[in-house]
Amino acid sequence: DDGADEGDLCSNITCPTDYFKCLPSGKCILIERVCDQIEDCPVNDRINGIAMDETSKACQSISDDPPSI
């Protein structure tokens, strides 16, 4: 079973605070892993060949709202 018949269930996932949501997979990764030059989002979440967590939009989103440590 490849999950192709599951629809968009994963896109309805809500990630916990301090996590980043990869789309369309719905995978949640720690915010510290966004824009760290290591691709953490699944391959199917690539945008123009770049993992979603490494796009300029993702990097901008964490610089606009840095995690509290």
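A disulfide is taken here as a pair of cysteine sulfur atoms within 2.5 Å, and the structure holds three of them. The model is a predicted one, in which local features need pLDDT of at least 70 and side-chain atom pairs count only at pLDDT 80 or more, while totals for chains, interfaces and linings use all residues. Residues are numbered from 1 along each chain as its sequence is written, and side-chain values use heavy atoms, with hydrogens and water left out.

**Disulfide pairing**

- Numbering the bonded cysteines of the protein chain in sequence order gives the pairing 1-3, 2-5, 4-6.

**C35 and C59**

- The sulfur atoms of C35 and C59 lie 1.9 Å apart in a disulfide, and with 100° about the S-S bond this link is right-handed.
- Because C35 lies in the loop between β2 and α1 whereas C59 belongs to helix α1, the pair ties together parts that are 24 residues apart in sequence; helices (H or I, at least four residues) and strands (E, at least two) are DSSP runs, numbered from the N terminus.
- C35 is partly exposed, with a relative accessible area of 34%, whereas C59, at 19% relative accessibility, counts as buried; buried means under 20% relative accessible area, exposed over 50%, and partly exposed in between, with a 1.4 Å probe and protein chains only.

**C15 and C28**

- C15 and C28 form a disulfide with their sulfur atoms 2.0 Å apart, and the torsion about its S-S bond is about -90°, so the disulfide is left-handed.
- Since C15 is in the segment before β1 and C28 in strand β2 (residues 28-30), the pair ties together parts that are 13 residues apart in sequence.
- C15 counts as buried at 18% relative accessibility, whereas C28, with a relative accessible area of 25%, is partly exposed.

**C22 and C41**

- A disulfide with an S to S distance of 1.9 Å joins C22 to C41, and with -80° about the S-S bond the link is left-handed.
- This pair links distant parts of the chain, 19 residues apart, with C22 in the loop between β1 and β2 and C41 in the loop between β2 and α1.
- Both C22 and C41 are buried.

**Helix α1**

- The buried residues of helix α1 (residues 56-64) are A58, C59 and I62, and they line one face of the helix because, seen down its axis, they fall within an arc of 100°, the arc being that of the directions from the helix axis to the C-beta atoms.
- On the other side of α1, S56, K57 and D64 are exposed.
- What covers the buried residues of α1 includes β1 (19-21), where contact means heavy atoms within 4.5 Å.
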